[in-house]
Structure formats: C-alpha cells, structure tokens
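Hello,

Here is the structure for your files. My notes on it follow below.

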Amino acid sequence: MLRSNSSINIVSKDYGFLKPIDNLFPYHHPPNKNCMLPKPSTPPFKNITISCSSSPKTQARTTKTKTKTKSSTTSKSVLHAVVKVFTTSCGYDSDSLPWQKMPPEDCSGSGFIISGRRIITNAHVIEDHILVLIRKYGCATKYRATVEAVSHDCDLAILTVQDEEFWKGTHPLTLGGIPVLEESVTVVGYPRGGDNISISKGVVSRIGFQRYEQNSTHLMTIQVDAAVNYGNSGGPVLSSRNKVVGVAFQSLYYAENINSIIPTPVINHFMSCLDEKGRHPGFCSLGVRYQIIENVQLRNYLGMLPGMTGILVCKISKRSSANKFLEPRDVILAFDGVKIAEDGTVAFRGTDRISFEHLVSMKKPSEKAVLKILRRGQVQEVTFEMQPIEPPSPTRQYDKATRYFMFAGLVFTPLETTIQHDEERVVISEVLSDEIMSGYEDFLEWKVVSVNGKVVESLYHLSLLVENCQEEYLVIQLLNNTIITLNYQMAKTVTASIMEQHRIPCAKSSDLMDQGIGKMQIATKSDVEAVGEKIEPQSVTNMQIATESDSVESVEEKIEPQSVTNMQIATESDSVESVGEKIKPQSVANMQIATESGDVESGGEKTKPQSVTNMQIAAEIDDVEDVGENIKPQSVTNIWTPQRFLKNLFRSLVI
C-alpha cells in the first residue's frame, strides 16, 4: 500500500551485488589518494609518558572488557556456514530490444547455511541465472547449486547442493529475533575488494518499513551502520550470540553507513509460505491508498470523536480482498485490535512505532483480518480473508522473457505497475528506424491511450486491436491527444521487412502467443470484430482442451452426447487416432479437453459443436495437423483463433 502523496524513486539495476536505492549512479568507494584526508600532525605531549599502577577497580573493568570481547568473537563454525555464491546470469533486454537476450554476465554474492541442507541468499544474486556455484569458507572447490525457491518480493532465495562432499564439516546457523536499537551486530560475507571472507561490525540504527528495490514491495527493514558493500548481498547479519538477525541486501547512496537488512520475520514468512514447488504466494496487502488524519478540521468533518485515531481510505484496488468490505471515506481505526495512529503507525515493542502495513504484510494468505472502521459516523467491524495482490504488470520480470508487441517499427511493452493500478498500462519502448516511422522517433516512453478509438486495457488487448484492424488507417492515440497514424496495409507489409532487418524472430512475446493458443483468453472488455473468413464463432464459453496418456483409447463413430456438463477428456500423443464423422455434441458446458503434439490427427468433416461458452484451447505447435474444412462453431464468445501461420512459432523465447 502507498500513501496518496508517495514519491517515485528511480533505481538502477545491478546484477548479483548490493542493490542501490535512490539514484542511477554506482556505489563507489574508491581508494582515491586525491580525496583522502591529510595525515594528522604530530599530537601534543608526544614525549610524555604516564605510568601508574592499576587500581582494583581498573583491573576489574579491564577484565570485564576482555570477557565481553571474547564472547562476541565470531566462531569458526559460524564462518564455515557462510558461503560465496557465483552466478552466471543471462537476462533479456527489457528496454530497447525485449526479444533479445543480454550477453552472459558473471557476478558474486554471499549466502549462509541453515537447517535442512538449505542455503539462504538474495534473489537478486541469482536472478536470471543459468549457472550457480557455491564455495565454502576455507575451501577452493566450487560446487554446483540448484535454486529451490525464490521470492523477488522479499528478495530472498533458497539454494541447495546435491554433492554430499559439500556438507561435510558444515554447521547450520539459526535464526534469532528482532534486535533492539544500539545492539551490536556483525556482517559476514564476501564483498568486493578481495576473495576471502570479510567481517564488519556495527550497531542497529533504526527499524522501519521501507521499499525493497528488487520488486518495489514495502516490508519491514532494519538499518545498521556496519560496512556493507557489493558482494555482501545475501550474507548473514549476526547478533552477539551468533544468531542470524537479518540478511544484508541494499544500501542508501550518498549517505553515511545507511545499510538495510532483511529481518527474521520476513525470512520466516518467506520460508513458511512456500508451496511444494518452491513458489511464494507473495505478501498480503489491503490494496488501498490512504491519507493520514492529522488535521483537526478533517477529523471533525469525518465525525471522529476525541481520542479516535486512524487513516482515511481514499481508493481501493478492484483486485483487493478488502474491496467488498471497505469504501472510500472509511476511517480505519484499528487492525486486529491494534490501534492505528493518525500518522498510520502502530505501537511496536513498547516505545517504538512502525507502519501498520507491517501487520498487514505479516498475514499469511487466507488468514482472516479484523478491521475496526468508522463509516458515516458509525463504528463497526469488518472481517475478511487477506490475500496477496498481483499487479496487472509485474514490477520487474525475472527469469523469463520480456513481454512485448511489435508492429511497423513500434515496440510496445507494459509499464511497470503496482498493486494500486487496476489496469495494465502500455508504452512505446522503442521506435525502430524505417521510412514509415519518419516523424515518430521522439515518442519513446509515451503511454498508449487508444487504438482507433478503443481504449487500450492491456498489452494483449493492444495486440488484438492492431491485428484485427478493419480500417484503412491505424490511429494510435497517446497522451495529450497526440496521435500516430499509419496506413494499415502498408504498415503490415513493412513490418516483415523491419523484422528481417533488425533480426526480430517474432512480432510478439511468447506470453501473448500463449494467451492466444494456450489459454485462449482475452483479458479485456473489447470484442473481436473479425478473426477470419471461414471461422464463424457465435457462442463458446469456458471450454478447455487437455490431454493425458491412455485416458481415452478409442472414440466410436456413433457417440452422440447431447448434453455434457463439466466433462474432461484427457489424452496424450496417439491416444485418439480418429474422432469419427458423426460425433455431434449439441450442448457442452465447462468442457475440458487437453491436447499435446499429435493428439488429434484428423478433426473430421462433420464435427459441429453448436453451443459452447468461454472456450479455452490449450494447444501447442503441431497439435492439430488438420482441422477440416467444415468445422463451423455457431456461437463463440471471447475467443481468439490463431491463423495457420502460427504453426511454426518461434519457441526459443521461453526460458
């Protein structure tokens, strides 16, 4: 959740090292002799020597100091639990050439061993990885690691090593609690400047609720003043008892010793919510924009009694689970019985305070929350299940191809959005050189509003509007009523030559193809005016075709199901050799049929489904070799039918 007056930060991207926060300039600590401070002059009283015998009090104090230093020393077993992570990554160019992979890049970070033969590190250390190697402390051998789980929301990942030799002599670290202010902490890792392990010490400076730059998620953070540099990312931050109190992950630029670590509540939430496939569902959010209520006139206008505090709801996301229970102008007084102050904070560990959003983010999916609200002067309580909110366009794409659509030299990509946006926004990310693009070169990063008068709701919607244009001219409206106008037929002809000139393998990313071929879903409100000359869809709803091995061995010629509900036919390759001529399903609702390559060799000439609704066909290339000439579904709603040229789609875009 963001406040209505929240600022926008620009972030640079750095693979495998400490993530920057506020600007585009690299984190720099050069040993520059020109900027070093001059050596101090000879101190006064240099030749004076003071000697005295130690009093009993002095001796006791000295002994106590030595004992404290000894107890806070990092043990060898702790050092053997800290590893160096070597990553070779290869991501996509998300800006100018989204269809093209970047050259492989090597980077390194840190990690540490926990119970269950697992290694924790940062997600940005292994993002877009093609190879991950691990090296233990005091060992020269690198072991290959696999990624078991990753969450870019909290910038954490779990690795493991299959080689039994790696685990010999290792002792896992244990997680501790949240440290108090001024508590001593130790940062252990492998920062740049050397190849050996590094240890730095500091204290806890602040506990707050800040943005995680990896995916722009707002979660709890702990600020420390210990030295944290590139390469420390993923390394443990230890208490005086050698308990892990956090994971080093990002730092503030042009500020002295402001380094952030991921606290253990976030780490525990990440590990406890993983599913069996290592996927994290995300962190729960109310999905509201709110306003603080510090002004007395505003409090009186809202009917707040003396002693009432809270926040004012301004806007609620349509995808939020709270959308049915909260309204604009509601005042949230308390969350799960915890009173919210007029600045949006709650009491934390006695005298400390933290944003109430921390309480929301620590909820697990489907866990119930109780909100005390003030609505039109009446105090009431609402209870509902909390759920994570996925933004229309992920803030950043990791470990997958960049989404794009290209037409006549214009490259369209989705704009990064947050959970507050209910619709995907599309911008022109690149204008490729061609004569037809003359005068349109300066429209980079302009938001697309409509195509031929129809409001663009998503990147997929934009591709449909362009591909199914029936007008002589394609008119693309941008912000401030600026337009791009192209002769549609000429632009279609030029698109092929531009793709060949710029070596573009396909005019759109694989996810747009999957929506058309695999899921057959149109995530927009617009209708498709024309899909082809011979296909006459009239009404098809909620149909999926899926297949599995040997589930259907043969289909007789005279099977005539007249009314089938919630039917599933699972087949795999060669499971259905002939569909027959007389199969005539007259009414099929919620039907699912799955196919893979070679599942259906012949569709038959007389197969005529008469009424199917919301059809989804999950097919792959070469799934259907011959559909037949006379298949005429009479009623189809919200279906996009691919042309036969999609038979040889470019497949290498999928990682």
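**Aromatic rings and overall make-up**

Y212 is at 0% relative accessibility and therefore counts as buried (buried means under 20% relative accessible area, exposed over 50%, partly exposed in between, with a 1.4 Å probe and protein chains only). F249 is buried too, with a relative accessible area of 0%.

This is a predicted model, in which local features need pLDDT of at least 70 and side-chain atom pairs pLDDT 80 or more, while totals for chains, interfaces and linings use all residues. Residues are numbered from 1 along each chain as its sequence is written, and side-chain values use heavy atoms, leaving out hydrogens and water.

The search of the whole structure gave ten aromatic pairs (ring centres of Phe, Tyr or Trp, the last by its six-membered ring, within 6.5 Å; planes under 30 degrees apart are stacked, over 60 edge-to-face, the rest tilted). Y212 and F249 form a tilted pair, 4.7 Å centre to centre with 35° between the planes. This pair links distant parts of the chain, 37 residues apart: Y212 is in strand β8 (residues 198–212) and F249 in strand β11 (residues 244–251). Strands are DSSP runs of E, at least two residues, and helices are runs of H or I, at least four, numbered from the N terminus.

Y143, F166 and W167 make up one aromatic cluster. K136 lies over the face of F166, 5.6 Å from the ring centre (NZ of Lys or CZ of Arg within 6 Å of the ring centre and within 35 degrees of the ring normal). K142 lies over the face of F86, at 4.0 Å from the ring centre.

Overall, the protein has eight helices and 33 strands, and buried residues make up 46% of its 655 residues.

Regards
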